[in-house]
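Please read the following points beside the chain shown here.

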Amino acid sequence: MKVVIVGQGYVGLPVSMRAVEIGHTVVGLEKDPRRAARLASADSFVEDVSDEALGAALGTGRYTPTSLIAEAKDFDVAVITVPTPLREGMPDLSFIEIAAQELAPYVTSGSTVILESTTYPGTTEQLM
């Protein structure tokens, strides 16, 4: 199964590592090319994921960190784990909206998209 995890921060990277651990092929989409390059060289910037664990995931050949959205092609499951910072007491949904727009061309019949970002009930139906 090909899994795309959008956002490789403190939620997305651990989710990516677990998915690789149980045998899935994972594309870790990271918007910042420098951060994607760090991940590709087994340099973790997330406290809960050690460099060794990241290196082991890379060593399986089933984890590909990238900033290229085209790598999402042919996914079975996509998980959106982008930030939703508060702005005037409300979550800023712009990162979710961008992620959904970028994934949209790669959604096929039978694929699943999961919104894991913190937001209010109804976001998936109303925004995505």
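1. Aspartate 74 is exposed, at a relative accessible area of 55%; the classes are buried for under 20% relative accessible area, exposed for over 50% and partly exposed in between, with a 1.4 Å probe and protein chains only. The loop that holds aspartate 74 runs between strand S3 (63-66) and strand S4 (77-80). Here helices (H or I, at least four residues) and strands (E, at least two) are DSSP runs, numbered from the N terminus. Although aspartate 74 is not a glycine, its phi is positive, about 65 degrees. Most residues other than glycine have a negative phi.

2. On provenance: this is a predicted model, in which local features need pLDDT of at least 70 and side-chain atom pairs count only at pLDDT 80 or more, while totals for chains, interfaces and linings use all residues. Numbering starts from 1 along each chain as its sequence is written, and side-chain values use heavy atoms, with hydrogens and water left out.

3. Glutamate 88 also has a positive phi, near 55 degrees, and is a residue other than glycine. Glutamate 88 sits in the loop between strand S5 (86-87) and strand S6 (90-91). With a relative accessible area of 86%, glutamate 88 is exposed.

4. Valine 107 belongs to the loop between helix H4 (94-103) and strand S7 (112-115). Its relative accessible area of 41% makes valine 107 partly exposed. Apart from neighbours within four places in sequence, valine 107 is in contact with Phe75 and Val113, where contact means heavy atoms within 4.5 Å. The C-alpha atoms of valine 107 and lysine 73 are separated by 8.3 Å, and the two residues are 34 residues apart along the chain.

5. Serine 41 is in the loop between helix H2 (33-40) and H3. Is serine 41 buried or exposed? Serine 41 is exposed, with a relative accessible area of 53%. From serine 41 to glycine 28 the C-alpha to C-alpha distance is 13 Å, at 13 residues apart in sequence.

6. How do two of the helices pack? Helix H1 (residues 12-21) and helix H3 (residues 51-60) have axes 10 Å apart and an angle of about 45 degrees. The axes are lines fitted to C-alpha atoms, for helices over the stretch in contact, and angles run from 0 to 180 degrees between N-to-C directions. H1 is therefore oblique to H3, given that angles under 35 degrees count as roughly parallel, over 145 as roughly antiparallel, 65 to 115 as roughly perpendicular and the rest as oblique.

7. The residues of H1 that take part are Leu13, Met17 and Val20, which meet Ala53, Leu54, Ala57 and Thr60 in H3. By class, this contact of H1 with H3 has 6 nonpolar, 1 polar and no charged residues. Nonpolar covers Ala, Val, Leu, Ile, Met, Phe, Trp, Tyr, Cys and Pro, charged covers Asp, Glu, Lys and Arg, and the others, Gly among them, are polar.

8. The protein chain has 5 helices and 7 strands, in the order β-α-β-α-α-β-β-β-β-α-β-α from the N terminus on. The C-alpha trace spans about 40 × 35 × 25 Å along its principal axes. Of the 128 residues in the protein chain, 38% are buried. Among contacts with a separation of 6 or more, 67% are between residues 24 or more positions apart.
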